Amino acid sequence: MDFSHWFLLLCAVVVFYNLGVAWFAQVVIYPLFGQVGSAEYRAYHLFYSSRIWLPVIVPGFACFLLPVALVFLRPDSVPQWLALANAACGIVALFVTMTLEIPRHARLEKGGKQGEVIRELILYNWPRTLAITGSALLTLLMVTAAFTPV
């Protein structure tokens, strides 16, 4: 097995890990933000933010950026259109994270519990969740193409 196949497998592990994180955040973590009392909210969000670096942020950004590298490092048996579509999913997820999600987390961290901001966080997270889901499906197709005997 050559480097491109190993790299594809690494990308698959990262994207499927992030698929679980994304759906857990969408249906459990972000809705839970609304259940925390106003008096405790700021401390709760600071606690949350200080602990997500390793399990969420580092693999998340890897999930957004590795598909871009995969366009150039994919196995020869993987069609370029699959790699490009996968990279597009990563770029959408990165864009949503940087422009929609991070600013809302900053507002919650600074201003405490704000129902409208929590609702926006949940609503605007859907494109990221769906982009990561699409990336996982495309990566599965890429792995199938790369490891199917000719």
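Both Arg128 and Glu101 are buried, where buried means under 20% relative accessible area, exposed means over 50% and partly exposed lies in between (1.4 Å probe, protein chains only). This is a predicted model, in which local features need pLDDT of at least 70 and side-chain atom pairs count only at pLDDT 80 or more, while totals for chains, interfaces and linings use all residues. Residues are numbered from 1 along each chain as its sequence is written, and side-chain values use heavy atoms, with hydrogens and water left out.

**Salt bridges**

- The structure holds four salt bridges, a salt bridge being a side-chain nitrogen of Lys or Arg within 4 Å of a carboxyl oxygen of Asp or Glu.
- Arg128 and Glu101 form one of them, with their closest N and O atoms 3.6 Å apart; this pair links distant parts of the chain, since Arg128 belongs to helix α5 and Glu101 to helix α4, 27 residues apart. Helices here are DSSP runs (H or I, at least four residues), as strands are (E, at least two), and they are numbered from the N terminus.
- Glu120 and Arg104 meet through their side chains in another salt bridge, at 2.8 Å from N to O, and because Glu120 lies in helix α5 and Arg104 in helix α4, the pair ties together parts that are 16 residues apart in sequence.
- Glu120 and Arg104 are both buried, and a network of salt bridges links Arg104, Arg107 and Glu120.
- The side chains of Glu116 and Arg119 also meet in a salt bridge, at 3.2 Å from N to O; these residues are three apart in helix α5, so about one helical turn separates them.
- Glu116 counts as partly exposed, at 45% relative accessibility, whereas Arg119 is exposed, with a relative accessible area of 52%.

**The largest pocket**

- The largest pocket contains about 530 Å³ of space; on a 1 Å grid over the protein atoms alone, a pocket is an open set of points with protein on both sides within 12 Å along at least five of seven lines, a cavity is a set where a 1.4 Å probe fits but cannot get out, and lining residues have an atom within 4 Å of a point. Grid points are joined across faces, edges and corners, and a volume is the space filled by probe spheres set on the points.
- The lining of this pocket has 26 residues, of which Tyr30, Ile52, Val56, Ile57 and Arg128 lie nearest its centre, and the elements that give it two or more residues are α1 (3-33), α2 (38-51), α3 (53-73), α4 (80-111) and α5 (115-147).
- The pocket lining divides into 15 nonpolar, eight polar and three charged residues, where Ala, Val, Leu, Ile, Met, Phe, Trp, Tyr, Cys and Pro count as nonpolar, Asp, Glu, Lys and Arg as charged, and the others, Gly among them, as polar.

**The cavity**

- The structure holds one cavity of 30 Å³ or more, and the largest cavity contains about 40 Å³ of space.
- The residues lining the largest cavity are Cys11, Val14, Val15, Ala62, Cys63, Leu66, Pro67, Ser135 and Thr139, and by class they are seven nonpolar, two polar and no charged.
- At least two lining residues come from each of α1, α3 and α5, with α3 giving the most, four residues.

**Cysteines**

- The count of disulfides is zero, a disulfide being a pair of cysteine sulfur atoms within 2.5 Å.
- The sulfur of Cys63 is 9.1 Å from the closest cysteine sulfur, in Cys11, which is too far for a bond, and Cys63 counts as buried at 4% relative accessibility.
- Cys89 is in no disulfide, the nearest cysteine sulfur, that of Cys63, being 9.4 Å away, and Cys89 is buried, with a relative accessible area of 16%.
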